[in-house]
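Good morning. Please look at the structure first.

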Amino acid sequence: MHTLGWIGLGHMGAPMAMNLLQEGCQVNVYNRSLEKITALVEAGATPLPSPKEIVKQSDITFMMLSDSHAVKSVLAQENGVLEAIKPGKILVDMSTISPEDSLSNAEFVSERGGVYLDAPVSGSVGAAIGRQLVILVGGDKTALEICQPYFQLLGKKTIHFGSNSKGSSAKLAINLLLGVIGQGLGETLLFAEKSGLEKEKVLEMISFSSMNTPLFQGKKEMYLKGEYPSAFMLELMAKDLGLIKAEANRLETRLPLAEQANVTYRSAKENGKAKLDMAAVYLELKDQNNIKE
Ligand code: NAP
């Protein structure tokens, strides 16, 4: 069994690292804000003082960080990941970042003799807790085979899309769908409300229709109660739609729905909804139509 390292214990990283611990893996942990490591350490994880120490003392290091900026900083900072990369080390980046950044991170790691996998995930906090994530991988097949026993403890399916950056491209593709569906649900509820329909019955209608999904069931209570505690923070959805827009521009591809969703989520973020769940895009649509919750 390999010694594992985990950097980034936020909404997603903490339950994922916990699942590895609960299966008897040896896990070294690091998080920028110290308080988030407490529960993991109580469950048997070893706290280490820097990303460099994590890589030094682990065979495989997983990262689950907010965005490209966070990943770059953890890689290149003093006592960062790159200082300890050497032949034999595997770095698995599960953060959602751009395909271009995944590619350049892979090059930095390979220049030092290590192997980098981009392995972002589809599925939110509930799926992370319940090991139901879908893991989307770009990078070396042999390294993936080494990591697969651990991916199996984190999710229900691993899909290898090919070389480095392809996992990140796949993640942006699935989140394009997520963002558009999120806005579609918000607009459906808004339209129903303006038409004088009872919200509870509209939610029931969707639940019994062919448009019912695990995603909708996960958000239904939020719409009903008008409360949006974050599972997938709206600011992260806005970040992903920004990445999708940049990537679509690079690929010279027009995506009308994604473009519109990018505008709406960005305005929701700017109007004080950044830390709410992405389902709060519905609140933004209501605000834009001067409707009180
Ligand atoms: P989160 O709760 O905000 O956690 C972000 C993590 O990144 C925290 O550990 C945070 O450390 C760390 N971080 C941020 N900036 C940093 C920096 N400059 N240096 C060092 N560490 C830094 O986010 P999350 O919901 O777990 O999401 C993590 C990633 O998974 C994101 O890329 C997101 O898009 C993706 N994702 C999320 C979901 C979801 O439903 N939440 C689903 C699929 C994919 P601190 O604790 O110190 O802030």
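Let me start with how a pocket is found. On a 1 Å grid over the protein atoms alone, a pocket is an open set of points with protein on both sides within 12 Å along at least five of seven lines, and its lining residues have an atom within 4 Å of a point. Grid points are joined across faces, edges and corners, and the volume is the space filled by probe spheres set on the points.

This is a predicted model, in which local features need pLDDT of at least 70 and side-chain atom pairs count only at pLDDT 80 or more, while totals for chains, interfaces and linings use all residues. Residues are numbered from 1 along each chain as its sequence is written, and side-chain values use heavy atoms, with hydrogens and water left out.

The second largest pocket has a volume of about 180 Å³. Its lining includes Ser66, Thr96 and Lys269. Helix 11 gives the most to this lining, with four residues; helices here are DSSP runs (H or I, at least four residues), numbered from the N terminus. Where does this pocket lie? Domain 1 (3-162) and domain 2 (170-288) both give residues to its lining, so the pocket lies between them. The domain bounds come from an automatic or database assignment.

Now the ligand. There are 26 residues around it, and His11, Asn31, Ser33, Lys36 and Ser124 come nearest; a residue counts as near if one of its heavy atoms lies within 4 Å. A polar contact is a pair of N or O atoms within 3.5 Å. A side-chain N or O atom of Arg32 is 2.9 Å from an oxygen atom of the ligand. A backbone N or O atom of Leu65 is 3.0 Å from a ligand oxygen atom, and one of Ala231 is 3.0 Å from a ligand nitrogen atom.

The shell around the ligand draws at least three residues from each of domain 1 and domain 2.

Key: A polar contact is a pair of N or O atoms within 3.5 Å; within protein, one must be able to donate a hydrogen and the other to accept it, and residues adjacent in sequence count only if both atoms are side-chain atoms. On a 1 Å grid over the protein atoms alone, a cavity is a set of points where a 1.4 Å probe fits but cannot get out, and a pocket is an open set with protein on both sides within 12 Å along at least five of seven lines; lining residues have an atom within 4 Å of a point. Helices (H or I, at least four residues) and strands (E, at least two) are DSSP runs, numbered from the N terminus.
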